[in-house]
Amino acid sequence: MARGERSEEAWAWYSAVYEAIQEIPHGRVTSYGHIARLVGKPECPRQVGVCLKHLPSPSTDPSKKSSTWHSGNVPWQRVLNARGGISPRGPDGASRQASALRAEGVEVEQNSMREYTVDLSKYGWFPDMLPSEAGQVESSDDEDEEAAAYHT
DNA sequence: CTCTTGACGAGGT
DNA sequence: AACCTCGCCAAGA
């Protein structure tokens, strides 16, 4: 199976990841690992990065059919590593992500190693599961981290 | 076709 | 606390 073209399996993986990322509220951030967990592959945070790497640009290319997902409708900038930092990858990539985050009110700091970081305790978004899929919300007693970062 | 490489992360040394 | 290893799996080379 999966020999015709991009296997449907891979497609499904990408879709799930992009959809999960779209669930991240404006002005909040989460980690690759968390997205991986949300889509049922807690051991594959790496693959989440792969998805973003291949995220199409929103570039209005007439010859190209409109991709369902692109950097224009997928808040890729809200995905950071587990430490709340923006991974180095490209020299300009990190700064671009930092700008995008700041543009939506997220405070992005820069440590001595010129690495951008975000305070996860303040902007982190780590629900147990996707709000869209959460049929039941276990209203426990301690869920105040959500309220910690409201008000822009 | 095989081999290496990652927008990562947890666990072990 | 720094560094090493493994898991995972799609893409490039």
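A residue is called buried when its relative accessible area is under 20%, exposed when over 50% and partly exposed in between, computed with a 1.4 Å probe on protein chains only. By this definition Arg83 is exposed, with a relative accessible area of 66%. The model is predicted, so that local features need pLDDT of at least 70 and side-chain atom pairs count only at pLDDT 80 or more, while totals for chains, interfaces and linings use all residues. Residues are numbered from 1 along each chain as its sequence is written, chains are lettered from A and ligands numbered from 1 in the order in which they are written, and side-chain values use heavy atoms, with hydrogens and water left out.

**Figure 1. The salt bridge between Glu104 and Arg78.** A salt bridge is a side-chain nitrogen of Lys or Arg within 4 Å of a carboxyl oxygen of Asp or Glu; the whole structure contains three. In this one, the closest N and O atoms of Glu104 and Arg78 are 2.7 Å apart. Helices (H or I, at least four residues) and strands (E, at least two) are DSSP runs, numbered from the N terminus. Glu104 lies in the loop between helix 4 (91-103) and strand 3 (108-110), and Arg78 in the loop between helix 3 (45-53) and strand 2 (79-80), so the pair ties together parts that are 26 residues apart in sequence. Glu104 is buried at 10% relative accessibility, and Arg78 is buried with a relative accessible area of 10%.

**Figure 2. The salt bridge between Arg83 and Glu115.** The N to O distance here is 3.6 Å. Arg83 belongs to the loop between strand 2 and helix 4, and Glu115 to the loop between strand 3 and strand 4 (116-118), 32 residues apart. Is Glu115 buried or exposed? At 16% relative accessibility, Glu115 counts as buried, whereas Arg83 is exposed.

**Figure 3. The salt bridge between Glu107 and Lys122.** The closest N and O atoms are 2.7 Å apart. Glu107 is in the loop between helix 4 and strand 3, while Lys122 is in helix 5 (residues 120-123), 15 residues away. Glu107 is partly exposed at 43%, and Lys122 is partly exposed at 36%.

Figure 4. For Leu52, a backbone N or O atom lies 2.6 Å from a base nitrogen. Helix 3 gives the largest share of this surface, seven residues.

**Figure 5. The largest nonpolar core.** A nonpolar core is a set of buried Ala, Val, Leu, Ile, Met, Phe, Trp, Tyr and Cys residues joined through side-chain atoms within 4.5 Å. The largest has 20 residues, and Val17, Ile21, Ile35, Val48, Leu52 and Leu55 have the most contacts inside it. Helix 1 (8-22), helix 2 (32-38) and helix 3 each supply at least two of its residues, with the largest share, five residues, coming from helix 1. A second, separate core of 12 residues includes Leu101, Val106, Val108 and Val118.

How values were computed:
A polar contact is a pair of N or O atoms within 3.5 Å; within protein, one must be able to donate a hydrogen and the other to accept it, and residues adjacent in sequence count only if both atoms are side-chain atoms.
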